[in-house]
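Trainee: I have a structure to go through with you. Can we take it question by question?

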There are 2 protein chains.
Amino acid sequence: MGLQGTSRFNRRAVKVSEAQQRVLAAIQPLHTEKAALWQSGGRRLAEKLVATSDWPPFARSGLDGFAIRGADAAQASPEHPVTLRVVDAIAAGQVARERVGPGTAVRIMTGAAVPDGADAVVMLEQTADAELDGQPAVRVKHAAVPGQNVAPPGEEFRRGSALAEPGAVIRPGHIAMLGSFGYAELPVYARPRVAVFATGTELLPVDAPLEPGKIRDSNSAMVAAMVVQYGGEPVVMGTLPDRVDAVVEALTAALAVADCIVTTGGVSVGDYDVMAAILSRLKQQGRNSRQACQNREGAEGTMPVGGEGAESTMPADVEGAKPHDCDAVERFSCDGTLLPEPESAVSPDGEDDSNRSIEAELHSLFQDDSRVLFDKVAMRPGSPTSAMLLGGKPLFALSGNPGACFVGFELFVRPALSRMQGDPEPLPLAVEAELTESIIKGSPHERYVRAKLLMREGRVLAEPLGFGKSSMMASIPEAEALLVVPPGSKGVSSGERVKLIPIQR
Amino acid sequence: MGLQGTSRFNRRAVKVSEAQQRVLAAIQPLHTEKAALWQSGGRRLAEKLVATSDWPPFARSGLDGFAIRGADAAQASPEHPVTLRVVDAIAAGQVARERVGPGTAVRIMTGAAVPDGADAVVMLEQTADAELDGQPAVRVKHAAVPGQNVAPPGEEFRRGSALAEPGAVIRPGHIAMLGSFGYAELPVYARPRVAVFATGTELLPVDAPLEPGKIRDSNSAMVAAMVVQYGGEPVVMGTLPDRVDAVVEALTAALAVADCIVTTGGVSVGDYDVMAAILSRLKQQGRNSRQACQNREGAEGTMPVGGEGAESTMPADVEGAKPHDCDAVERFSCDGTLLPEPESAVSPDGEDDSNRSIEAELHSLFQDDSRVLFDKVAMRPGSPTSAMLLGGKPLFALSGNPGACFVGFELFVRPALSRMQGDPEPLPLAVEAELTESIIKGSPHERYVRAKLLMREGRVLAEPLGFGKSSMMASIPEAEALLVVPPGSKGVSSGERVKLIPIQR
């Protein structure tokens, strides 16, 4: 079965946290761009922004009333009101033409600049209209103190002080704050463009009638919606048959337009698992390059710490090497496993010419910064979930099972998208919660169970959803969190404290 | 000061819950439309959708392996494996050409249709390749039971069973589920178009340099971003001076394009609070219409239960009445307060001609289903927050103070937008949380304090943010919830249980 037959070998499971770290170590924030202020909500700020003036920019009245000298009304009371001559009235946006001297007041509106000479504002409701020698006046009926209802300049912000840090998600409150300081556009990280496709000859488009043995590709639409939810722009590329040539062609096209690729299906150990086959081949190439390197330098120490497929840099002389430099060692992996001949890398109906063409395309796809990040994860569901770099861009090969696909996206794609958007802490934070019902099923690996996150009577509760079957689609929409069941022969009992990763809703 | 001078009178505070109920009672869901499946995330479903087939549609293999008759391998073990002849191999999307009879097996992939005759699937990893009489065979090394790793047709869904109810927010999990049943487009409620503007002669556009006594209009952008966050489409109309004619013109334009209007500023008791003036005038008209009605029918009973400005229907003969029918009673409100002459409804620089034109525009604005819903709320901040219906469309007049504007949006506009999008339960649910620090400031009315919602060690905690000053802009972006401080002379102590309304982030 050629290239495909290699897919079930040599997969070593890494822990979820290790897999996440490998992803994040391989990804940089994208370029930045400008977004109109009101359209920047939910995006991530690309620069630190500072106050462009003091705030408030002038002594500001906190309410509608009269600006006075506080000392003038220090003794005022309903029984002994103080009457002050009204020398001016400030409409909003105007500044007073008159100063406030002893015994005088200026009518003022909320937010207006307190006139020179005044140091307090008395509330309109605590005054009454009056006359003094035939001139307009105001009767102040409550004692005033200097400073009351006046926000001095710079009370909230000093010019130059930080308003928001790079990487912050822009909330409506940021928009109000930044707008006040004249930021009509905000520097933000670009939205990651994410190519999405599903592999599987059994897949029909969503709008097709069912056929015997076939199902509709619903994962592509779900993944696209999750990309949108986490700030990316999906490029939906449809479904592909389980053929290496078709997938290689699609990957090449995807790399030309996208910052990231997410595929579903084809990662398991089946004979037709084409993503697994491509991963396996990329891993061979990584080994071969290392082996070539070791053969030449006789240095075991160049094996990177991350283990197979996890190298992040290669010596300069190998980095630029053409694939055919590796031909001499291509038939053996570094652990001695016999690898398929290049000519065995055929699609089921391939011929010699197309084989060579597939080889050429694979080599071209695997240029530059291409390597396997992980091809098995110690978790349920979705242990065959894999990730690689292709030309420096991350590819996530998620399970074709909708539940496992969902979990794989939350655990690996979501942090990757966050990192690309400049998130300084892209791993979702877990919270502690009390389990509402026992999970009796043990698992040799960490199990990620979709759950509801409830807040009741001040407590955080985790209610597991359909944990029996990873294919239970009905529980995916209800999920508000992933509940982490530690590895072990027994499950977790109701009332025990569990770790819960909230999901964006 | 004419029309504006009336704004400080006759405002009676209603409770937040009552104000919310008045809003919801006045609003219907918008029309529905179709959205492409993957673009429907976050929108609300307009119809109940059902399973269009059983799911799975056929007996489905849960993993890669061999379809067998379970009875054939009931006794299999590593020491005593059972060898079965492999009669066929099913690629994904294919159906078996051969039936599985006693002593035979068919190679099968995850998700493929289990062939006739087989009732169990054994995992590839629990088998080994073999030969039997020179024919391909498989050695089964573990005991099998009928039904294992086979999902029978309809196990998850029966044809016709409900998948999602009207009003449900469409999550990525719905998209996977609905895609599986062939829903390539989903019926959703339209996004509310929300006209947004700010009133205040003191306001500058965000990109303008500061001027003495003026500030930038940052509320419009914040409100627009909140509209986006809660599923609407903002129509940003900029800032308006404190002039009735300008605002009436803008409201007329807004009603022509939007389903809802949100204004900020101009709702307080100041001389230039133009939204308050318009509300006051609408209230007069409501009273006058009722009074005219009572005069004619001599029936007190036509006064609606909701009290002033809260009537929801009017008798048919008054409903269609032209505004001039009310002239005879126009100078007195139903509680006897002297109302301004029509000709006093001037903008500060208005003339007689423009007065008449404003009157005409106001009358035209107030046609059909126009009424005040509330013009004062028993809460802090933002007690002058108001709402009216204009031609059947809701208008929310929020405070110009950014903090109060934010709270007013969360409490009143958010539920309105949810209802327009078909939410059957549009009021945000509150949770209980433990206060992390004391709030010493009492308030005669409920106080809504922006807060962080923390989950620590299984407990829900509320950390108040900048509760001292409602104008503290810096705390708005950090808010994850509104903490409800009950009315009373004292505040709430650290450790006490409080009500917390989570905010969408």
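Mentor: Start with H1 of chain B. Its buried residues pack against strand E18 (371–374), strand E19 (379–380), strand E20 (386–390), strand E21 (393–398), H8 and strand E23 (446–456) of chain B. Helices (H or I, at least four residues) and strands (E, at least two) are DSSP runs, numbered from the N terminus. Contact means heavy atoms within 4.5 Å. This is a predicted model, where local features need pLDDT of at least 70, side-chain atom pairs count only at pLDDT 80 or more, and totals for chains, interfaces and linings use all residues. Residues are numbered from 1 along each chain as its sequence is written, chains are lettered from A and ligands numbered from 1 in the order in which they are written, and side-chain values use heavy atoms, with hydrogens and water left out.

Trainee: Which residues in H1(B) are buried?

Mentor: Buried means under 20% relative accessible area, exposed over 50%, partly exposed in between (1.4 Å probe, protein chains only). In H1(B), the buried residues are B:Val16, B:Ala19, B:Gln20, B:Arg22, B:Val23 and B:Leu24.

Trainee: At what angle do the axes of H1(B) and H8(B) cross?

Mentor: Axes are lines fitted to C-alpha atoms, for helices over the stretch in contact, and angles run from 0 to 180 degrees between N-to-C directions. Angles under 35 degrees count as roughly parallel, over 145 as roughly antiparallel, 65 to 115 as roughly perpendicular and the rest as oblique. H1(B) and H8(B) are therefore roughly parallel to each other. Their axes come within 10 Å and cross at roughly 30 degrees.

Trainee: Which residues of H8(B) does H1(B) meet?

Mentor: From H1(B), the residues are B:Val16, B:Ala19, B:Gln20, B:Val23 and B:Leu24. They meet B:Leu411, B:Phe412, B:Pro415, B:Ala416 and B:Arg419 in H8(B).

Trainee: How many residues of each class does that contact of H1(B) with H8(B) have?

Mentor: Ala, Val, Leu, Ile, Met, Phe, Trp, Tyr, Cys and Pro count as nonpolar, Asp, Glu, Lys and Arg as charged, and the others, Gly among them, as polar. By class, the contact of H1(B) with H8(B) has 8 nonpolar, 1 polar and 1 charged residues.

Trainee: Now chain A. Is the crossing of H1(A) and H8(A) left-handed or right-handed?

Mentor: A crossing is left-handed if the near helix is turned anticlockwise from the far one by less than a right angle, and right-handed if clockwise. The crossing of H1(A) and H8(A) is right-handed.

Trainee: By what turn can chain A be laid on chain B?

Mentor: Copies are superposed by least squares on the C-alpha atoms of residues with pLDDT of at least 70 in both. The RMSD is 0.1 Å, with a shift of 0.0 Å along the axis and a turn of 180 degrees. The two copies are thus related as by a two-fold rotation axis. So the answer is a turn of 180 degrees.

Trainee: Which residue of chain A comes closest to the rotation axis?

Mentor: The distance is 2.2 Å, taken at the C-alpha, and the residue is A:Arg459.

Trainee: What share of the residues in chain A is buried?

Mentor: Chain A has 8 helices and 26 strands. Residues 24 or more positions apart account for 73% of its contacts with a separation of 6 or more. Of its 505 residues, the buried share is 55%.

Trainee: Is A:Gly65 buried or exposed?

Mentor: A:Gly65 is found in strand E4 (residues 65–68) of chain A. Leaving aside neighbours within four places in sequence, A:Gly65 is in contact with A:Val106, A:Arg107, A:Ile108, A:Val122, A:Met123 and A:Leu124. At 0% relative accessibility, A:Gly65 counts as buried.

Trainee: Where is A:Pro381 placed?

Mentor: Most residues other than glycine have a negative phi, and most peptide bonds are trans. The bond from A:Arg380 to A:Pro381 is cis, with omega near -10 degrees. A:Pro381 is in the loop between strand E19 (379–380) and strand E20 (386–390) of chain A.

Trainee: Which residue does a cis peptide bond join to B:Trp55?

Mentor: Omega is about -5 degrees there.

Trainee: Does A:Asp133 count as buried or exposed?

Mentor: A:Asp133 is not a glycine, yet has a positive phi of about 55 degrees. Its place is in the loop between strand E8 (127–132) and strand E9 (135–140) of chain A. At 77% relative accessibility, A:Asp133 counts as exposed.
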